[in-house]
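Subject: Structure for you to look at

Hello,

Here is the structure I promised to pass on. Please open it first, then read my notes below.

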Amino acid sequence: MNFIFDIDGTICFDGHHVDQSIKHRLVKLKNAHNNVIFASARPIRDLLPVIPEFADYTLIGGNGAIISQNGQIEIISEIDVHDITLIKQIIKQYNLTYIIDDKFNYSTNLNADTELYQRIDPNRTAQSLHMDAIKDPIKAILLNIKSEEFDTIANTLETESIGVELIQHYNESYIDVTAQGIDKHTTIQYILGADADYIAFGNDHNDIHMLNNASHGYFVSNANVEYQSFLKNPNIEVINNTNEAICNVLDKYL
């Protein structure tokens with residue numbers, strides 16, 4: 001069976017590492033001839049330091065915009081030139097905090113003291129560039145959006161772009177942007193095939209499409225996401241956001 005795991009808030013609860021009890025079970029899954037895949041909003045650059053033991057596994061980064069298989073990184077789709085120009089205009093017009101990633105490098109104006117900044121390139125293997133120096137953008141995050149401007153910014157991206165995929169985190173005041181048609185589920189299909197069965201674990205808006213199309217899905221509880229609608233899907237279970245809860249589920253498959 002194919003097992004797909006989101007990282008932050010799903011199997012990583014401190015932003016930096018996965019508990020040994022979970023890692024032990026992931027290895028056992030793999031050794032039992034299952035396919036273990038990690039699917040994160042993080043680019044591959046920032047995913048590897050969290051799960052270094054699994055660097056040769058299949059990794060999906062940037063909400064599906066980039067993958068790594070056997071250590072080889074491949075961009076699935078870049079944001080169109082017109083659309084990244086629009087994104088940069090919005091950043092300047094609304095004075096937004098942002099992160100723009102390419103295959104390995106990044107641009108950001110985040111304060112270096114913030115927790116989110118500390119998660120960017122912790123191994124110091126990439127370059128921090130001016131936004132105009134990012135030539136192959138795979139993902140942008142628009143952060144700290146004022147509530148009164150959120151809908152306007154989202155609408156501008158939807159109506160004035162050639163085509164982008166938006167994941168709107170209204171409660172947390174940010175928007176993820178990738179190329180049109182790119183999300184975790186579409187990239188799972190790219191890797192496994194359109195009709196492949198998989199079991200998925202996720203906890204956020206960017207996991208919804210992946211979970212809804214899984215043979216069985218586990219939504220790890222998240223106070224920032226209204227998940228009552230998941231209860232209408234008989235293939236999705238809501239579980240606690242603890243190492244113990246994840247391990248208890250994994251033990252059912254071992």
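**Two buried partners**

Asp 6 and Lys 184 are both buried. Buried means under 20% relative accessible area, exposed means over 50%, and partly exposed is in between (1.4 Å probe, protein chains only). The two residues form a salt bridge, and their closest N and O atoms are 3.0 Å apart. Asp 6 sits in the loop between strand E1 (2-5) and helix H1 (20-31), and Lys 184 in helix H6 (residues 184-192), so the pair ties together parts that are 178 residues apart in sequence. A salt bridge here is a side-chain nitrogen of Lys or Arg within 4 Å of a carboxyl oxygen of Asp or Glu. Helices (H or I, at least four residues) and strands (E, at least two) are DSSP runs, numbered from the N terminus.

**Before you go on**

This is a predicted model: local features need pLDDT of at least 70, side-chain atom pairs count only at pLDDT 80 or more, and totals for chains, interfaces and linings use all residues. Residues are numbered from 1 along each chain as its sequence is written, and side-chain values use heavy atoms, with hydrogens and water left out.

Asp 207 lies in the loop between strand E11 (198-202) and helix H7 (208-212), 23 residues from Lys 184 in helix H6. Asp 207 and Lys 184 are both buried. Elsewhere, salt bridges that share partners join Asp 8, Arg 42, Glu 115 and Arg 119 into one network.

**Two domains**

The domain assignment of the protein gives domain 1 (1-74 + 181-250) and domain 2 (79-177). Such bounds come from an automatic or database domain assignment. The C-alpha centres of the two domains lie 23 Å apart. In contact across the boundary are 21 residues of domain 1 and 23 residues of domain 2. Contact means heavy atoms within 4.5 Å.

The size of an interface is often given as the accessible area lost when the parts come together. Domain 1 and domain 2 bury about 1800 Å² between them, with 55% of it on carbon and sulfur atoms. Buried area is the accessible area (1.4 Å probe) that two parts lose on being put together, summed over both.

What polar links run between the domains? There are 12 residue pairs in polar contact (both at pLDDT 80 or more). A polar contact is a pair of N or O atoms within 3.5 Å; within protein, one must be able to donate a hydrogen and the other to accept it, and residues adjacent in sequence count only if both atoms are side-chain atoms. The count between domain 1 and domain 2 is 2 salt bridges. Arg 119 also forms a salt bridge with Asp 8, with the closest N and O atoms 3.5 Å apart.

**Arg 45**

Arg 45 is found in helix H2 (residues 44-47). Is Arg 45 buried or exposed? Arg 45 is buried, with a relative accessible area of 3%. Arg 45 forms a salt bridge with Asp 46, the closest N and O atoms being 2.8 Å apart. The side chain of Arg 45 also reaches the backbone oxygen of Asn 105 at 3.3 Å. Residues that Arg 45 touches include Phe 104, Tyr 106 and Ile 120.

**Other buried spots**

Asn 63 lies in the loop between strand E3 (58-61) and strand E4 (66-69). Asn 63 is buried, with a relative accessible area of 2%. Among the residues it touches are Ser 40, Lys 139, Lys 184 and Asn 206.

Cys 12 is in the loop between E1 and H1. Its relative accessible area is 1%, so Cys 12 is buried. Cys 12 touches Ile 7, His 17, Val 18 and Val 50, not counting residues up to four places away in sequence.

Leu 211 belongs to helix H7. At 0% relative accessibility, Leu 211 counts as buried.

Which residues of helix H8 (residues 243-251) are buried? They are Ala 245, Ile 246, Cys 247, Val 249 and Leu 250. These buried residues pack against E1, H1, E11, strand E12 (216-220) and strand E13 (236-239).

Best wishes
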